[in-house]
Amino acid sequence: QVQLVESGGGLVQAGGSLRLSCAASGRTFSSYAMGWFRQAPGKEREFVAAISWGGVRTYYADSVKGRFTISRDNAKNTVYLQMNSLKPEDTAAYFCAARNSVAVTTATHYDYWGQGTQVTVSS
């Protein structure tokens, strides 16, 4: 069982940076793959980034590759999403997710979800 709580969202200017955090509870957090997804109003939930339980393997959507970095600190039960060079099209609610298996890029394969944190990028 894993419970996830996101934080770090806010309003930033285009070109700015934010770091999102996802704090997890659960005795088996370290064995879970973690992902970040985002959803804008009226849009489908979209994959952003994922990381394996050991942090060795990472995956990124083409739209954020080179700008976003996913990382995790298993000792703190926390996963991060560092977002640089933000664009207005990055505006969305961002959700972290956990999966008790190998990291994947499909939202339907994740078992646990946080409440989300809003990121708004102004132009």
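In this predicted model, Arg45 lies over the face of Trp113, at 4.8 Å from the ring centre. Arg45 also lies over the face of a second ring, that of Phe95, and here the distance from the ring centre is 4.0 Å.

Trp113 leads on to the other aromatic rings. Ring pairs join Trp113 with Phe37, Phe47 and Tyr110 into a cluster. How is a pair of aromatic rings described? The description uses the distance of the centres and the angle of the planes. The count of aromatic pairs in this structure comes to five.

One of these pairs is formed by Tyr32 and Tyr112, with 6.0 Å from centre to centre and 65 degrees between the planes. This pair is edge-to-face. Tyr32 lies in the loop between β3 and β4, whereas Tyr112 lies in strand β10 (residues 112-113), so the pair ties together parts that are 80 residues apart in sequence. Is Tyr32 buried or exposed? Tyr32 counts as buried, because its relative accessibility is 4% and the limit for buried is under 20%. Tyr112 has a relative accessibility of 26% and therefore counts as partly exposed.

Phe37 and Phe47 make another edge-to-face pair, with centres 5.7 Å apart and planes at 70 degrees to each other. This pair, too, links distant parts of the chain: Phe37 is in strand β4 and Phe47 in strand β5 (residues 46-51), ten residues apart. Phe37 has a relative accessibility of 1%, so Phe37 counts as buried. Phe47 counts as buried as well, because its relative accessibility is 13%.

The chain is also linked by a covalent bond between sulfur atoms. How many disulfides does the structure hold? The structure holds one disulfide. The disulfide joins Cys22 to Cys96, and the distance from S to S is 2.0 Å. Which parts of the chain does this pair tie together? Cys22 belongs to strand β3 (residues 18-25) and Cys96 to strand β9 (residues 92-99), so the bond ties together parts that are 74 residues apart in sequence. The torsion about the S-S bond of Cys22 and Cys96 is about 55 degrees, and therefore the disulfide is right-handed. Cys22 counts as buried because its relative accessibility is 0%. Cys96 is buried too, with a relative accessible area of 0%.

Methods:
Residues are numbered from 1 along each chain as its sequence is written. This is a predicted model: local features need pLDDT of at least 70, side-chain atom pairs count only at pLDDT 80 or more; totals for chains, interfaces and linings use all residues. Side-chain values use heavy atoms; hydrogens and water are left out. A disulfide is a pair of cysteine sulfur atoms within 2.5 Å. Helices (H or I, at least four residues) and strands (E, at least two) are DSSP runs, numbered from the N terminus. Buried means under 20% relative accessible area, exposed over 50%, partly exposed in between (1.4 Å probe, protein chains only). Rings of Phe, Tyr and Trp (its six-membered ring) pair if their centres lie within 6.5 Å; planes under 30 degrees apart count as stacked, over 60 as edge-to-face and the rest as tilted. A charge sits over a ring if NZ of Lys or CZ of Arg is within 6 Å of the ring centre and within 35 degrees of the ring normal.
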